[in-house]
Amino acid sequence: MRPRRHLALTAVALTALLLALVAGAAAPPGARAADGVPWYEPVDRPTPDSRVNVTGAPFTGTGPDGDVRGYVDAHNHLMSNEGFGGRLICGKPFSEAGVADALKDCPEHYPDGRGAVFENLTADPDWRHDPVGWPTFTEWPTHASLTHQQNYYAWVERSWRAGQRVMVTDMVSNGVLCSIYFFKDRGCDEMESIRLQIEKTYAMQTYVDTMYGGPGKGWFRIVTDAGQAREVIEDGKLAVVLGVETSEPFGCKQVLDLARCDRGDIDRGLDELYDLGVRSMFLCHKFDNALCGVRFDSGTQGTIINIGQFLSTGTWWTTEECRGPQRDNPIGTADVPQFEAMLPPGVGVPGYDEGARCNTRGLTRLGEYALDGLMERGMMVEIDHMSVKAAGRTLDILESADYPGVLSTHSWMDRDWSERVYRLGGFIAQYAHGSEHFVNEARTGADLREEYGAGLGIGADMNGVGGWPAPRGADAPNPVTYPYRSVDGGSLLDRQVTGERTWDVNVDGGAHYGLLPDWIEDMRRIGGEDVVDDLFDGAQSYLDTWNATQRHDPGPDLAEDATATASSTEWSLFGRYAPAHAVDGDTGTRWASRWKDGQWLSLDLGAPRTVGRVVLDWERAHASGYRIEVSDDGADWRGVWSTRAGAGGVETARFDPVRARHVRVYGTERATRYGLSLHEVSVHAR
């Protein structure tokens with residue numbers, strides 16, 4: 001990654017651009033959409049509608065060093081109202097019928113909000129609210145309300161005008177939560193919901209285009225590669241990236257720990273999502289599925305989700321003592337009698353040992369296959385929501401392949417894992433906590449971002465039932481004063497007005513998406529200019545990760561056609577463990593030695609090759625001490641790498657490249673009472 005530089009923004013007029021998957025040409029900066037109307041203002045906004053309350057032109061172009069600028073929301077849910085059966089998130093981000101139709105509550109919330117079952121159970125059982133949205137908005141949306149629309153298009157427009165240049169919108173659903181929730185107006189199939197949400201996202205692009213004068217002229221631009229995203233950002237518009245965050249992708253659920261999908265399902269699912277424009281993805285979310293275990297959820301939500309997992313899979317979350325410093329989230333154990341009543345007679349929610357904080361389930365072999373599929377397609381993988389065991393294995397595999405396409409967008413990385421993400425070239429976004437919390441958290445990782453030349457993202461997670469920045473209060477020191485200048489200085493933002501309601505971040509916090517710029521200004525007011533600078537480095541940093549992901553070339557595996565021999569082979573009635581299994585490309589097979597020290601596996605590459613990296617995929621019977629040796633003739637060996645701290649899993653040995661025909665893994669100390677066992681060994685030039 002290039003060194004970071006905090007530079008002033010410059011306005012550079014660019015020619016029109018043709019975007020894939022977008023009909024028509026994008027309007028160049030400075031162009032007039034109609035007589036007297038600048039390109040960044042609509043020519044035909046519906047009436048009535050929300051106001052944006054921003055004046056001044058959005059910044060365009062790049063800095064003198066060629067870097068783009070702008071902040072990134074790497075985790076949002078524009079269309080989650082279409083998921084979970086269509087009645088968990090109330091309201092829509094846009095409607096052809098107008099703002100009154102888009103910003104209205106769910107029918108069961110009338111007359112006083114007592115029908116908002118999920119909201120009331122997970123937040124405040126006694127909460128009641130005025131369900132009327134447009135035009136009064138007396139009681140919603142708020143920073144603490146989980147089920148009311150926060151992503152109305154005009155609110156997103158305000159954030160774009162203030163300097164946002166990338167949004168990742170994750171299609172999200174959960175079939176079981178849909179099925180057990182009391183209200184729904186559609187089916188619960190997760191993949192059908194994902195398809196619908198993608199369709200609606202493209203429809204929103206068309207809706208904005210129409211408002212701005214025709215195809216390609218709007219500010220909301222769906223992009224499918226880093227080059228398109230850069231062109232959109234240079235034009236001063238918002239690059240929208242499609243992602244997926246669903247619990248059982250491709251139907252990959254597990255029932256009693258048995259997978260209900262296969263490799264063919266995964267291939268077909270990934271191909272379909274890629275063709276639809278999806279470029280980043282979670283492999284698991286909320287429920288342990290056939291691909292990986294999850295990070296757990298806390299509080300009342302955690303109990304509801306754990307019940308949902310049992311009803312779906314026949315298994316509860318199960319825990320064990322953690323093997324390293326990372327921990328999964330504490331499991332919620334609150335009483336939720338409405339949902340517990342759905343359990344079979346005699347079955348209750350289990351308790352958990354506070355000292356056992358890690359999910360027993362990690363990344364499965366099918367999960368590894370799906371991860372390989374993401375890498376083959378140049379897609380980015382989200383590792384938050386994965387259990388510690390699954391995320392650790394995922395990072396091991398990504399490191400073994402030098403694959404940069406890794407994202408963390410929930411503030412779920414500790415310092416060690418954050419550095420692993422940055423070392424790969426990945427991108428990290430923090431959850432949108434209160435401004436003081438966000439600034440303090442950001443500063444703990446500032447030295448890592450400086451070292452690796454990385455910017456910082458936001459994980460707003462709006463309409464993701466997570467909670468959003470609380471206000472500091474009207475009497476707090478250094479409040480946001482309106483109007484204020486955008487970070488680049490080119491736009492002036494006043495209090496946001498929708499219908500009869502005027503919003504103020506000092507008292508409303510992050511109630512909806514249009515208050516993200518005000519929240520960033522609040523960070524600046526409390527002395528967080530350094531953090532705001534890092535946020536505005538986010539767009540270039542995200543593009544660096546995406547571009548490197550697209551260009552990633554793993555290089556050939558020199559062991560693919562190698563001849564394998566070994567010191568010994570374990571004999572078993574239950575399987576064959578021949579040396580050739582370690583280079584057959586199948587992680588379901590393995591070589592295993594006899595149960596004694598001094599065991600080795602040797603590979604004849606067929607001819608002298610340049611060797612600089614060896615990747616070992618250990619079975620549980622691994623070596624705690626071993627060395628990598630090379631030879632020209634298979635007789636005289638010289639060591640090039642060694643360790644006495646082997647931890648198993650996927651391990652990568654890197655060393656200065658050497659020429660050799662033979663490569664040997666020589667075990668000096670066993671980690672278990674068994675012999676040595678390797679699923680796969682790959683050899684690379686560097």
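These legends go with a set of close-up views of the structure above.

This is a predicted model, where local features need pLDDT of at least 70, side-chain atom pairs count only at pLDDT 80 or more, and totals for chains, interfaces and linings use all residues. Residues are numbered from 1 along each chain as its sequence is written, and side-chain values use heavy atoms, with hydrogens and water left out.

**View 1. Helix α18 is largely enclosed by the rest of the structure, because ten of its 14 residues are buried.** Helices (H or I, at least four residues) and strands (E, at least two) are DSSP runs, numbered from the N terminus. Buried means under 20% relative accessible area, exposed over 50%, and partly exposed in between (1.4 Å probe, protein chains only). α18 covers residues 538-551 and reaches 20 Å from first C-alpha to last, close to the 20 Å expected at 1.5 Å a residue; that expected span is 1.5 Å times one less than the number of residues. Among the buried residues are Tyr542, Leu543, Asp544 and Trp546.

**View 2. Strand β6 sits alongside β7, in a parallel pairing over four bridges.** Two strands count as paired if DSSP finds at least two bridges between them. β6 runs over residues 71-76, and six of its six residues are buried. Look for Val72, whose bridge partner in β7 is Val166.

**View 3. Three strands make an open, antiparallel sheet in the order β5-β20-β19.** The edges are β5 (54-55) and β19 (484-485), each pairing on one side only. β5 and β20 (residues 492-493) are joined by two bridges, with Thr55 opposite Leu492.

View 4. Most peptide bonds are trans.

**View 5. Leu256 and Val465 have positive phi values.** Most residues other than glycine have a negative phi. Leu256 has phi near 55 degrees and is found in the loop between β10 (254-255) and β11 (258-259). Leu256 is exposed, at 58% relative accessible area. Val465 has phi near 45 degrees and lies in the loop between β18 and β19, but counts as buried at 15% relative accessibility.

**View 6. The largest pocket has a volume of about 1,400 Å³.** Of its 41 lining residues, the closest to the centre are Asp396, Ala647, Gly648, Gly649 and Val650. A pocket is an open set of points on a 1 Å grid over the protein atoms alone, where a 1.4 Å probe fits, with protein on both sides within 12 Å along at least five of seven lines; lining residues have an atom within 4 Å of a point. Grid points are joined across faces, edges and corners, and the volume is the space filled by probe spheres set on them. α11 gives the most to this lining, with six residues.

**View 7. The second largest pocket holds about 1,000 Å³ of space.** Its lining has 32 residues, with Asp372, Met375, Asp557, Gly585 and Ser682 nearest the centre. Here α10 gives the most, with seven residues.
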